[in-house]
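Hello,

My notes on what was found in it follow below.

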There are 2 protein chains.
Amino acid sequence: MTRTEPAGTPLGDDFHLYDTTLRDGAQREGISYSVADKLAVARLLDELGVGFIEGGWPGAMPKDTEFFARAAAELPLKHAVLVAFGSTRRPGVKAAEDPQVRALLDAQAPVVTLVAKSDVRHIERALRVDVDEACAMVEDTVSFLVGAGRRVFLDAEHFFDGYAHDPGTALKVLDAAGRGGADVVVLCDTNGGQLPLQLADTVREVADRTGLRLGIHCQDDTSCAVANTIAAVQAGATHVQCTANGYGERAGNADLFAVTGNLVAKLGMDVLPTGGAAELSRVSHALAEIANIAPDTHQAYVGASAFAHKAGLHASAIKVDPLLYNHIDPALVGNDMRVLVTEMAGRASLELKGRELGVDLASRPDALTSAVSKVKSLEADGWSFEAADASLELLLRKEVAGPGEPAEPPFTLESYRVVLDHRADGEVISEATVKVHVGGERVIATAEGNGPVNALDAALRKALVPHLSWLDTVELSDYKVRILAGHPGTDAVTRVLVESSDGEREWTTVGVHANIVEASWLALCDALVHKSLRVAAR
Amino acid sequence: MTRTEPAGTPLGDDFHLYDTTLRDGAQREGISYSVADKLAVARLLDELGVGFIEGGWPGAMPKDTEFFARAAAELPLKHAVLVAFGSTRRPGVKAAEDPQVRALLDAQAPVVTLVAKSDVRHIERALRVDVDEACAMVEDTVSFLVGAGRRVFLDAEHFFDGYAHDPGTALKVLDAAGRGGADVVVLCDTNGGQLPLQLADTVREVADRTGLRLGIHCQDDTSCAVANTIAAVQAGATHVQCTANGYGERAGNADLFAVTGNLVAKLGMDVLPTGGAAELSRVSHALAEIANIAPDTHQAYVGASAFAHKAGLHASAIKVDPLLYNHIDPALVGNDMRVLVTEMAGRASLELKGRELGVDLASRPDALTSAVSKVKSLEADGWSFEAADASLELLLRKEVAGPGEPAEPPFTLESYRVVLDHRADGEVISEATVKVHVGGERVIATAEGNGPVNALDAALRKALVPHLSWLDTVELSDYKVRILAGHPGTDAVTRVLVESSDGEREWTTVGVHANIVEASWLALCDALVHKSLRVAAR
């Protein structure tokens, strides 16, 4: 893995923003990241400026092993370092001889976070060893990994419950980690049962009694994970473990975006690189897309409604002095005060986005106005351009293009037909026929596929390849579907995201329709038109 | 309005659980309660045992005026009293002559909550009066309503921001309310910018400086509304204002269910009548239905996943001692522990899951072995049962069923064909034909739909309804699609989750196939087979 600067800079090591979306966040019901998803998540977290990215449990989970291998080759991290998560050695073996521990070294991540039990009841009933052996397991494993050149953090599982029940044992486990050479001991509210005032007292007490550097890891079972995390920081913790959008088991974890928003906006702590805070909303939404979970519109700081005002009581007064009616300036976290307008559809951000995509809207206020209104209207119909830059670029190019200029598709559709047969012998057949006009000709082509979209894609390629030689290099590399609940009285629509690749670049396009095949068709066409523009520009 | 017991009993008046779902909760984007909805919400809140139900702003909102009129006639409240919300008199008029104030009396609610500005900046810039007149508006209106036999609470809007900016003015407003005869002054974090430790300090300080009875009203803009509410109670507030499921403007309000769960389970306070806490989950879901908002499965205490465990790490230990892995006994709040079946799962969690679904695997180790291997092999192919209990139940029943026992589908498929046409005029048509055997007959039926799955569902229903009379009650209520990346290229499979409802119960089934239509078909069939088993069991 390449990093352009040493770990921790430019923010230094005084405070750790530590993300565990890829490990603890993936415990959320319904989340199942592919390795490509995991790489994309890590890239976004690094762009945001998180200090540590826990990538998974190499050795225990084959997908995680592959993630660390590919990350080393493919992820040029700017801000973050990768962390491998794992367990202390098994009872009664040497750390060096425990294959689970060795796999943590093999992952080649500069940091390892070890989980260890710190509640005597878990040590005795689940682990079935005595406290001395539990402490030895911690100290041995930490010191073995430190000896092998790794930086080690210790997650003290069930710490708060354990400390309340038997503080002596809980502290012994922390001390064992400290003796082994762990840099941070992380107090985990694993069952999520804590409340902030008590939790802050405990953190203060443990800091006094151990002298160790403390971290905090909170679950949201009392709906206090964010508050507990902040209270722990105010009580002396200098390392916070969070997940994107609070994804996690049961009620979830402390939400990275709310915690960061509070640290930056309320406690005045520079926990992100310059400009990072303004990326919070964008990164939150992009990570929701990758997890294939609808963004929570009412999420603190980053939700589409987080600064949306409905109350008639306030409406006129807001115009006079908006800051009297918002707890912070929404721009600080890359959000927007207007109702039903995503950050994408604001004039300024669309202009900025255009610049990023190579479309100059600054000198064309008329085109910008028209683009803003088109994006707004499409978003109201369920389109989303947050994760579909290539479709957005096409839309913007159409707005600024003069007649006869490109942005015209290299082919036009006359019609298509898809037939799916589940035959009496149990076989399922998908067949598609397209009729298109390309290079001045009318072409009809038929192909089979393993599903309706695959068949349609195959038929279209068959029709176009003789005329568009570059088509061979383009591959559909990912395909995501989201059913969007209709407004009352309307039918649900389907949103399809298609990721394409030509071996050098990847680009994403979007299509929305009540019919999933038509939605896919729209996204497929955008993908090919986008590529043809790049070919024409050469 | 009829009450079977005087206000506040049997819990006494020492602590107020005050709900404002019908007024502040309705500020949430997308919520629009009819009068009938409002009556249904009030009935449920009363069943739960809330002490005060703020019904709306009579006079200002015609729907709210009607609600109070109908509530007086139609709502036999057992525990709660109704509260009318309104504003202090306008500047420069007498309270008795202000029509808005008179409308509050006309509503005939025994309690009135008045909102008043307590931040000098809002007083001067929005209200445009001086502090003396602002205080006179408060004192006059409170004493007028108290003189008319009402109990009065004062919501001090923007209190925390106002107190931080100019504590003198903020306290003057509270004192004016006290002089007028208000029973409670409610400190409102209207912009939602507070954090618990500071908020607790402020509440303590205000209690000392005023000697008044304090309430708390928090918004969730820092994701700390629940924590702030609890911290305020620990600092001396004895009146908490919440909304069901945290509905409210922007990021929402303090969630009634999490606040109550914390008060009961963490602080040991009897804030609900006996048995009330066990109604929290049911009432939360029912109120989500009325608001027409999908319940948040990850909501603390009451969410369907609030006690769901996925990690294989824990599953075997959970069986030994569930309370070591839950912060409370889920039954306390009327919830259930669910164990998720995932690729990490083994025998222990599948046995536990079987018990939950009413399939005894403990006494059938052979069936358990076979079920574990089947689930593992299906999960390796992309199936996921963690959100599809109904499909898992069918699978387990097949394992334990002897020959000739149920679990047999009530119909069999011969074949189906789906045709999708994108015509030259741009119209997109979906049509499906099914050939099935049901009730000893071979039936062929064709139907159109707005997409391939919708058309197939319609054709299947058309074929089966004459033979399966219960089919009419079954509805497809939600449909989710996830494309599971295989290796780059075309190995991806599609996983479909179908949620069905018969008006009484909801159940979820799963289908996996390379072809999305076939995957949907498998999930649709499971949904109907599951229902037929329930019908047969009657």
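The buried residues of helix 10 (256-266) of chain A pack against strand 2 (16-19), helix 9 (225-234), strand 10 (239-242) and helix 11 (280-291) of chain A. This is a predicted model, in which local features need pLDDT of at least 70 and side-chain atom pairs count only at pLDDT 80 or more, while totals for chains, interfaces and linings use all residues. Residues are numbered from 1 along each chain as its sequence is written, and chains are lettered from A and ligands numbered from 1 in the order in which they are written.

Helices (H or I, at least four residues) and strands (E, at least two) are DSSP runs, numbered from the N terminus. A residue counts as buried if 20 or more other C-beta atoms lie within 10 Å of its own, with C-beta atoms placed from the backbone. By that criterion nine of the 11 residues in helix 10 of chain A are buried, among them Leu256(A), Phe257(A) and Val264(A). After this helix comes Gly268(A), with a positive phi near 65 degrees.

In chain B, helix 9 (residues 225-234) is largely enclosed by the rest of the structure, because nine of its 10 residues are buried. These include Ala225(B), Asn228(B) and Val233(B). Gly236(B) follows helix 9 of chain B and has a positive phi, near 125 degrees.

Now the barrel. In chain A, eight strands close into a barrel with parallel pairing, in the order 2-3-5-6-7-8-9-10; two strands pair if DSSP finds at least two bridges between them. Neighbouring strands of this sheet are turned by 25 degrees against each other on average, direction ignored; axes are lines fitted to C-alpha atoms, for helices over the stretch in contact, and angles run from 0 to 180 degrees between N-to-C directions. Strands 2 and 3 (residues 52-56) of chain A pair in the parallel sense over two bridges, and Asp19(A) has Ile53(A) as its bridge partner. Helix 2 (residues 62-74) of chain A lies across strands 3 and 5 (81-87) of chain A, at about 135 degrees to strand 3.

Last, the interface. 85 residues of chain B are in contact with 84 residues of chain A, contact being C-beta atoms, placed from the backbone, within 7 Å. On the chain B side, strand 13 (residues 411-422) gives the most, with nine residues. Strand 13 of chain B pairs with strand 11 (residues 411-422) of chain A in the antiparallel sense over seven bridges, and Tyr416(A) has His422(B) as its bridge partner.

Regards

How values were computed. A residue is buried if 20 or more other C-beta atoms lie within 10 Å of its own, exposed if 12 or fewer, and partly exposed in between; C-beta atoms are placed from the backbone. Two residues are in contact if their C-beta atoms, placed from the backbone, lie within 7 Å.
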